[in-house]
Amino acid sequence: MKKLLLLILLIPFISVRANTPPGEKMAITTGRLVSLNGMTKLNTDFAAIIIKGSVKDATGQPLVGVSIGIKGTTSGTQTDINGKFTISANLGDVLVFSYVGYVKKEVPIVNANNLDVELVNDGKTLNEVVVTALGVKRSEKSLTYATQQVSGTELTNVRTDNLVDALSGKVAGITISPSASGIGGSAKVILRGNRSLDGNNQPLYVIDGVPISNEGNGMGQPNDAYGGNPEGGDGISNLNPDDIESMTVLKGGPAAALYGSGAANGVILITTKKGKTGKMTINFSSSASIDNKAYEPQFQSRYGQTSAGATTSFGPAISSAPDNLKLFFQTGNNFTNSFSLSGGTDVAQTYFSYTNTSARGIEPTNTLGRNNFNLHETAKFLNGKLTVDGNMNYITQSLFNSPALGYYTNPLTGLYLFPRGQNISQYKNYEGPNGNNGVPTQNWPFQEDIQQNPWWILNRNPNETSRNRIMMNGSVKYDITNWLSIQARGSLDRLADKSDQKYYAGTLAPQAAPNGNGSWNGSNNTSQQKYADVIVNFNTPGKSVFKLDGLVGASITDHTSDNLSFGPYPQAPNLFGLFVPNLFTLQNIEVAPAGANNPYGSNVSGGTTSEYQTQAVFGSGNLSYKNWVYLSLTERIDWSSTLAFTSALHYSYPSAGLSFILNQMFTLPQEITYAKIRGSYASVGNSPGQYLTNPVNYPNANSVSFNSAAPYPTLKPEITKTQEYGTDLRFFNDKLSFSFTYYKTNTINQTIQVTPPAPSGYGTGYVNAANIQNKGIEVTLGYNLLQSRDLEWNSTVNFSRNINKVLDIYSKANIDSVQLTNSNSYRSYVRKGGSYGDIYGQTILKDAQGRLMLADNGSPLTSDFVKIANPEPKFQLAWNNSFRYKHFSLNLLVDGKFGGQVVSVMQSLLDEYGVSKAYGDARAAGGVKVNGVNPEGGAITTVDAETWYTSIGGRGAILGQYVYSATTVRLREAALGYTLPVQNSVFKSFKLSLTGRNLIYFYRKAPFDPELTSSTANGLGGVDIFNQPALRSYGLKLDVSL
Amino acid sequence: MKTKYKSTKYNSYCIAIICALILSGLTNCTKNFDKFNTDPTGIANKNLQIPTLFIPLEQEIMYSADDGYQVGQNLNADIYAGYACPPEFFGTSLNNMNYVLLDIWNPEAFNSIYTNLIGPIKNKLAATGVKASLPDFWAIALIVEAEAMDRVTDKFGPVPYSKVGTSLVSIPYDSQQSIYQQMFSQLDTATTTLNSYITAHPGQTPFANSDVVFGGDYTKWLKFANSLRFRLAMHLVKVDPATAQAQAEKAMAAPGGLMASASDNAAVAVAGQNDYWQITSSYTDNSMNASIGSYMVGYNDPRLPVYFLPVNTDPSQPGPLPAQYAGQYIGIRLGTDVHSKPLYSGFSVYNYNTTFPVTAKETIMTAAEVWFLKAEAALRGWAGAGDAQTDYQTGIQTSMDQYGVSGSAAAYMADGTSKPIAYVDPINAADNSPALSTITIKWDPLASNEVKLERIITQKWLAMFPEGQEAWTEFRRTGYPKLFPVVNNYSGGAISTQIQIRRLAYPLSEYATNGTAVQAGVVLLGGPDNGGTRLWWDINKGNF
C-alpha cells in the first residue's frame, strides 16, 4: 500500500503539471474578461491591476466565501476554500470585505502588493465556516445538512471526566450516557437514536480530519447483570479538552457520507489548537474539583438483622441504624493542571501543551492519573504554497480500581445489603485469620456469591488498567494553482493497553478459583490504527454565476491489534487458580483446573495479530448558482477486508443535497437576516464484523471443535439511508437564530444471526435483514438577548425528539426479535413493532377487574416476560445561558430528558434483603396494601411485607414492580467567572471561576440517575445493578494567559 | 468561454484518469483481505489436519459435540429397545416415556448429526480435497457417515441426505429407500478403496493417531464396513427381500471378511466422560428397563451382573428398596409414573463400576451381532451364511467372550428350560406383568423359522446391549424380543400401546426453517408425522 500511496501522490503531480500552464493562464484571462464585462467602459482607461490576497480570522484560519466588493460598483468576488482571492481593481478603489458573523472591513488599494486581511469576529453569531467531513472547511450556507459546532471553551467551562460528556445538552440530537463507573469511565454517545443490532451504535471520532480509535481498555463492557468487568475508559476519554479548538457534530448520514464505514452513526469532528502567527501566548489553567455522590439508596432503620448470621433484615425492631455508607464512601476529587505555549511567525507556528490530571473516585482506592503531551507544528514553504502540518499526542493513563458494576466484584453489594442495625465498621479490617494455605482469609460473615466484604473487594480484588497512547498525524498540502490543491495526510494512533483483575485467596466463589489460592486474569493489548489519504481539492476559478468546487481522493485505514489474554477468561470462567497463593505471575497460573478433566486446553488466548483494512476512493462536488442555490453530491466506494470471501468486496455510499439561501433569492423582510432551506439524502454503509465470511474451527484439548457457523458469501454491509430536511434562519441582524431539522433514517441489511435448517450442515448462519427506523426533529434556538459593553446575555435552547421503531427483524423466516441481554429478571430484546432498548421483565398477573392475582399467602403470580420499559427519552430539552456583567461571567446549563422508563435491579435486591425503606415502611404500616385476589377469588388487601418483598424482589424479581420514570431535569453545569482587569500587566488575561456540575436535580423520580449506564455497549441500557451513584462536583478554576 | 470549456473538460479527464488509476491500484491491494479476514487463532477449513478432524467426527456418532447422548439416544432408542428406563420424569410428566414425544429432546438425534457429523464431512472434510488425495481417509469418512445416517433414518424415516450442505434455506428430504441405496453405494466405494489400500500397503496405519475407533487398523474398518452392510441389508428383508439378500450375500462374500470375534468390535473412545457412566452415575438418570430384567433374570444370564447392579437396599443411599430385595435385579417398567427422584432411584442401574466406567469406550457394533445376522441369513437360506445353529451359538459365545464370562457360555446355550420371568414392581403393583414370551435359550433345530427367529433376535438383543438404536430397529422389524408395552400411553391414540412406537417425529425446527422440504418428507413418509407411523422397511407382515 505504501507504494500505491506514493504512486497516487505522483499521479496528480504528473498530470497536473501538464495541465497547469493553461489553467493559470485561464485564471488570469478570465479575471480580465470579468473585469471588462463587469465594469464600465470608463474603467478600462485606467490600468486595472490584479490584486491577490487572503482573508483570515483572528486565529489565522482562512475564511472561505468572504464577499469582496469594490465600493461603489457592483463587481466583486469571493474567497476560495483557502481563503484566497483575486480581484481586478484600480488603485484608489476601496475593497469591502464582508462576512456573516464578522465585522465588515474596508481596505483601500494603495499598491499592487498582496493584500492579507484579517476579519474580526463580531462576537454575535455562529461561525460561518464549518469543518466538514475530511476536515474540509466550508461556508455554512453551502451545507445541505445539519451540523452543530461547539467551541473549546464551552467544553472546558466546567470540566467533565470524559471529554465527550461535556457535549451533553450543547448539541441537539445527541444522547450521552456516561458509564456509572465514575472517573476514567467510558461514555455511550448516540446520535439520532440506536440503529445497529449487531454492531456499534456510537459515532466515529475524527481529529483534524483523520479518524482515531475509540477503543476501550479493560475487560470490555458488561453485558449481563453479573457484570464484574473493570472499566478502562474509552478512546475519546483520553483526550485533553484544553487542546481542542472546537468540536463539530455531523449528526447524520449526509454529513458523514464521505467518511464511509463507521460514519453511519454520525461523526464527531475534533479540531485541535494550532499555534498562531505573531502572538506568543502562554496559557496556564488549573482546576480543582471535589465530587460527592449525588444521592444514595433509601434504607430502612426500623428493623434489624433477621437472626444472628442471617443476610437479611427482617428481624426485630431497632431504634436506629448506623450509617454504614458514610464509613465507606469518600469525597472524590480531580486536579487538572494544564500548560500551553502558542506562537509563531508567518512561516511556522507552534502549539505545545502539557496537561496532568489526577483524580480519585468516591469509592476508596479508585484513582486516575493521566498525562497529555501535545505538540502541533504548522509551517508554510514555497511562498506559502506548501503547507506542512504535524501534530503529536502522547498520552499515558492509569486507572486503578475502577468500580465494577453488577453483582460481582462490586463493593456496593456487600455494603448496601449489610443487615440493618449492624455496624459494618468491624469489617473494615477485611482480613481474617490465615487459612490452611497460610494466607489470610476474608473477614466477612456471609457466604454468598453476590456479596463480599466491600473493603476486601477494594484491597483484595483490585483491578488496574493502563494505557500508553501515541497519536501522530501529519499533512502536506500543496497549492498547485489558486484553484487546485493536493493534500496528503497520514496518521497513526497506537494504543498499548494493559489491564488485569486479581482475586486474592480468600475471595469467595464463584469469582475465586476452586483451589482456593486466588486467581488472576488480564490482558496486554496493542492496537494500531493507521490512516492515510490523498485528496485533490479544486474550485472553479473565475466569476461565473455557477461555481463548482469539490475534491477527489483515496484513503486507506488499517487496524491491527495484538492481544494476549491470560487467566480464567474467556475459556473457563473462574476455573484456573494460582499454584502458590497470591503470587500473581503468569508462571503461577494453573494450566488446568485442579482435579478436573480439562476440556479447555489453555488458559492463554490471543497472542496473534488481527487486522482489518478499509480502502476507499471518494469524491464530492458542490455546485452553486449565484450564491443562492447549492447542490452537493458525494460518492465514496469502500473496499473492506471484512467482506473478503464474498462476491463483492466493495460498496458505495452516495449522498446528495440541495440548499437554497432564500434571502439571496428573494427580498425578505428586513428582520430576516438569513434564511436557508435544505434537504439531503445519503446512504451510508457500515462494514460487517470481522471473520463472519470465513468461519474457522478452533482447537480444543481433544482435537478440534468444528465451527458450525456457515460461511457467508453474500454478506453485505449494513446500510443506513437518511433523508433530512431543515431550515436555518437568523433574524434581527443575527441576534436570533433558529435551526430546524427533520430526519428519517432506516438501517437495513443488518447482520443477524439465524439458525439454518440442521440438514444444511450448519448450526448458525447469518443473513442481512432488519429495518430499524429513527425519525425525529432537532431544533436549536439562539438569542443574544443583551449585547452591550458591560452586559451580555446569550441564550441557546436545544431540543430534540427521536422516535425509534423496529419495522422488521427477519420476517421472511418468522424471526421477529433479537436479544441484546438476558440476565435473570432483566431482558432486552429488539422486537418487531417495538423499539430499540425495550426492556422486558415479569409483571404481576391481573384479573379481569384489574386486581393483582396472588397466591393464598399473598405472593404474586407472575406473567411471562413482557415489555416493561424503554429508557430512551421522548424528547430532550437543554437551555444554555451565558451572562457577562463587566468582569463577571455566569454560565448555566439546564437540561432535561423527558419520558422513558428505567428499571432498578438494585432496588429489587434491597427489597428482597429487607434493607430498603420500602420494606421498613410497609412492615411498620402492617403490611403492603394491595388490591389483590387469591386463587379462590377472595380479596386480599394486605400482604405481609416480608412475603411481598421477598417474592417481588431479588435476582428473579418481578421487575415490572421496579419501573421508574426516566424523566430528569437537572442543573448540569454552572460556572461563575471573574476576569481580573489586567491592563499593563505581564498577564494578558486572568480568570477565576467557580464551577459546579450536576448540581441540582429539579426533577428525578428514579432511585438513581437514569442517565448513567451500566454498560456503554448495546445491552444493559436503563438499568441500575448496584451502579455507583452519580457524582455532584464543585470546582475552582484558574485560567491565566501570559 | 471556449477556453474555459476546454480547460474544464481537460480537468475532468485528468480527474477521471486519476480516479481510474487509484481504482485499479486499490483493487490490486485487496489481495490481503482473505488473510485479514481469517481468524488466525483458529484453523481454516482448508487447513484442517485430518487427524484432528476425524476424532470429533467419530465421536459424534455418540452425539459428542454437545454431550447429547442422553436426549439423542438414551431417552428414545434405549428406552424403546427395552434396555433403559429413567427413574426420573425430568420435570415434565408427559414425555417420551409415556409416548408424548418431546421436541426439546428428540431433535438432538437429528440436528446434531447433521451439524456436527454429516455437515462437516460434506462441507469441511470434502473441502480439504481428501477424496482425491487420501482416498483411504475418505473411505473412513464414508463409513462413519453411513453408520451415523442409519441412526438418523431409522429413527425418523425420510430425511435429507443427498442434498445435505447444498443450501442454507431448503434442503430436500430423500426417501428412505434412496437413503439405503446411498449408504450401500458409499460402502461399495469405501470397501473397494480400503481393500486396494490394504493390498498395496499391508500393515500400514496412517490413520493411527486420529482414529478413536480402531486405532487406525484398516482391516478392522473393512470388516466393520462389510458388517454394517450386512446389518443394513437385513433391515430391508421385508420391504425389499431381493436387495436384502443381494447386499447380505455381498457382505458375507466380501474381501476382508466380517467382524468375527470380540476383538473386531467397533467402539468409540468418546470425548470426556463415558455417556453411560455420566447419565447413570453422575446424573442418576438411567436405570434398567423391566423388559431386559425379565429376560436376563429369567435366563440366569451370566452377563446380568456385568450389565447391571443389583437394587439398592442401603438406607443411606437415595430411594432404597426394602431389605427383602437385596441382591435382586429389578428394572423399571416404561411409562410408569416414576413421580420424582428418588422414588425409583433404588432400582437396578447400568453397572457403571466395572462395565461402564468413566473412561470406557462405547460400542457401536459387535461381532456377536454379525453372527446373529448370519444365523438369520442361514434361516433364510442365503448363500454364504453357513449353519444357523452354529452361527447362533457362536454369537452367544462371542458375546460371553466380550463380557469376560466365556466359561458360562456352554451351560447357558444348553439351557432349554429357563424363560423370561414376570415383572413385579415392588413400589407399584399396577406395573406388574406376566412374562410376554416363553422363548428359551437352547437352539431347537426342529422349531419353526418364526421360533428360531425369535430365539436369534432375543439373543442378539441381549448381546447388543447397551446399543439401543439397532436393538429398537430390530424390534420394530421382527417384533422380537417381546417387550413390555408402556404402562401409560398419553399419545392420544397416535401410537398404539401394543404395536408400540415406530419412529420419532421430525423436529419442529424443521417445520420452522425447512418447511417445504419437511412437508415433502412427510409425504414420502406416507403417514402422519408422529410416533405411530411405520417406516419404509417396517412392513406390517409376517417375518417369513
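Which residue in S36(A) is the bridge partner of Lys744(A)? The legends below walk through this predicted model view by view, and the first one has the reply.

**View 1. Strands S35, S36 and S37 of chain A line up as antiparallel neighbours.** Lys775(A) is the residue in S36(A) that bridges to Lys744(A). Strand S35 (residues 736-754) and strand S36 (residues 765-787) of chain A run antiparallel to one another, with 18 bridges between them. S36(A) also pairs with strand S37 (residues 791-808) of chain A, again in the antiparallel sense, over 16 bridges. To find your place in this second pairing, look for Tyr783(A), whose bridge partner in S37(A) is Ser795(A). The link from S36(A) to S37(A) is a hairpin of 3 residues.

**View 2. A nonpolar patch lies on the surface of chain A.** Its members are Leu786(A), Leu791(A), Tyr885(A), Phe888(A), Leu976(A), Tyr978(A), Leu980(A), Leu992(A), Leu994(A) and Leu1036(A), which together have about 850 Å² of accessible area. Two strands of chain A, S49 (968-979) and S50 (989-1004), each supply at least two residues of the patch. Leu976(A) is a handy one to pick out in S49 of chain A. With a relative accessible area of 40%, Leu976(A) counts as partly exposed.

**View 3. Helix H9 of chain A has buried residues.** In this helix, which spans residues 917-924, you will find Tyr919(A), Gly920(A) and Ala922(A) buried. Their cover includes strand S46 (928-933) and helix H10 (945-952) of chain A. After H9(A) comes Gly926(A), with a positive phi near 90°.

**View 4. Five strands of chain A make an open sheet with mixed pairing.** Follow the strands across in the order S10-S15-S16-S13-S14. Strand S10 (147-151) and strand S14 (210-211) of chain A stand at the edges with a single partner strand each, so one side of each has no neighbour in the sheet.

View 5. Chain B has a mean pLDDT of 92, and 95% of its residues reach 70 or more. Where pLDDT is low, the predicted coordinates should not be read in detail. For the model, the scores are ipTM 0.88 and pTM 0.82.

Notes:
Residues numbered from 1 in each chain as written. Chains lettered and ligands numbered in written order. Predicted model: local features only at pLDDT ≥ 70, side-chain atom pairs only at ≥ 80, totals over all residues. Heavy atoms only, no water. Patch = residues over 30% accessible without salt bridge, like charges linked within 9 Å, V, L, I, M, F, W, Y side chains within 5 Å. Areas by Shrake-Rupley, 256 points an atom, 1.4 Å probe, with all protein chains shown as cover. Salt bridge = Lys/Arg side-chain N within 4 Å of Asp/Glu carboxyl O. Helix = DSSP H or I, 4+ residues; strand = E, 2+ residues; numbered from the N terminus. Buried < 20%, exposed > 50% of the residue type's maximum accessible area, 1.4 Å probe, protein only. Pairing = 2+ DSSP bridges. pLDDT = per-residue confidence, 0-100. Contact = heavy atoms within 4.5 Å.
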